[in-house]
Amino acid sequence: MKKTPFITFSLLLIALLFSCRGSQQDKLVGDWERIPFTEPTEVKNYWRFYSGDAIEIFTLDNDVLVGDTLKYTYSIDGKTFSIFGDGGYDAAAGDIRGKYWVDELNDSYLKLTKTDHPVDPSGNNWGDSVEVYAYLRIELAKR
C-alpha cells in the first residue's frame, strides 16, 4: 500500500521529464534570424529548424539567397545543444558544429555558447589538433 503513492509519483516525474524535451524541440521548430554582433545590414543569416533533428542554415541578401544552404542535424537535451554534420572541420574558421550550452530558449530567443568542438567518427576531437578554444556565441531571434 505504501508503494502505490511512490510509484505514482515516480511515473509522473518521468513523464514530466520526457515532456520537457518535446517542448524544447517544439520551441525550436521554425525560422530564426541570427543576431549579428556588428552593425545591422541587409544581409541576414537564418536558421530553419525542422521537427525531428534537421536544421538548414542560409543567408539572404535583400531576400535573395546567397551561397549554399548548409544542412546539419541537431539534438537538444536540457541545457545541452549539439550540431552535427559531415565534412572537414576547421576550428579556427568559426565552424558551428559542436556542443553548446543553452543560455536561453523561449518562444522569442535562443542564445547558445559553444563549449566543445565536434568529435569525428574515429573518436578524435577535431579541435585537439590546433590551439583554438571552442568559444563561439550565437544569438537567434524567432521570425
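I took contact to mean heavy atoms within 4.5 Å. With that, I looked up the contacts in the protein chain between residues at least 6 apart in sequence, and 40% of them join residues at least 24 apart.

Ground rules. I note that this is a predicted model, in which local features need pLDDT of at least 70, side-chain atom pairs count only at pLDDT 80 or more, and totals for chains, interfaces and linings use all residues. Residues are numbered from 1 along each chain as its sequence is written, and side-chain values use heavy atoms, with hydrogens and water left out.

Entry: elements. I listed helices (DSSP runs of H or I, at least four residues) and strands (runs of E, at least two), numbered from the N terminus. The protein chain has one helix and eight strands. Read from the N terminus, the order is α-β-β-β-β-β-β-β-β.

Entry: I counted two strands as paired if DSSP finds at least two bridges between them. Eight strands close into a barrel, in the order β1-β2-β3-β4-β5-β6-β7-β8, with antiparallel pairing. From one strand to the next the twist averages 35 degrees; for this, axes are lines fitted to C-alpha atoms (for helices over the stretch in contact), and angles run from 0 to 180 degrees between N-to-C directions.

Entry: I followed the pairing strand by strand.
- β2 (residues 43-49) and β3 (residues 54-61) are antiparallel and share seven bridges; Tyr46 has Phe58 in β3 as its bridge partner.
- β3 and β4 (residues 64-77) run antiparallel and are joined by seven bridges; Ile57 stands opposite Leu70 in β4.
- The hairpin of β3 and β4 has two residues between the strands, and Asn62 there takes a positive phi near 55 degrees.
- β4 and β5 (residues 80-84) pair antiparallel over five bridges; Thr73 has Phe84 in β5 as its bridge partner.
- The hairpin of β4 and β5 also has two residues between the strands, with Gly78 at a positive phi near 65 degrees.

Entry: burial. I called a residue buried under 20% relative accessible area, exposed over 50% and partly exposed in between (1.4 Å probe, protein chains only). Of the 143 residues of the protein chain, 30% count as buried. The chain exposes about 9400 Å², of which carbon and sulfur atoms supply 57%; the areas come from the Shrake-Rupley method with a 1.4 Å probe, and for residues only the protein chains shown count as cover.

Entry: Gln25. I found this residue in helix α1 (residues 3-28). Gln25 counts as buried because its relative accessibility is 15%. Its side chain reaches the backbone oxygen of Gly52 at 2.2 Å. Leaving out residues up to four places away in sequence, Gln25 touches Gly52, Asp53 and Tyr74.

Entry: aromatic rings. I paired rings of Phe, Tyr and Trp (its six-membered ring) if their centres lie within 6.5 Å; planes under 30 degrees apart count as stacked, over 60 as edge-to-face and the rest as tilted. The structure holds six aromatic pairs. Phe49 and Tyr74 form an edge-to-face pair, because their ring centres are 5.1 Å apart and their planes are at 90 degrees. This pair links distant parts of the chain, with Phe49 in β2 and Tyr74 in β4, 25 residues apart. Phe49 is buried at 2% relative accessibility, and Tyr74 is buried with a relative accessible area of 3%. Ring pairs link Trp47, Phe49, Tyr74, Phe81 and Tyr100 into a cluster.

Conventions
Polar contact = N/O pair within 3.5 Å; in protein donor to acceptor, adjacent residues only side chain to side chain.
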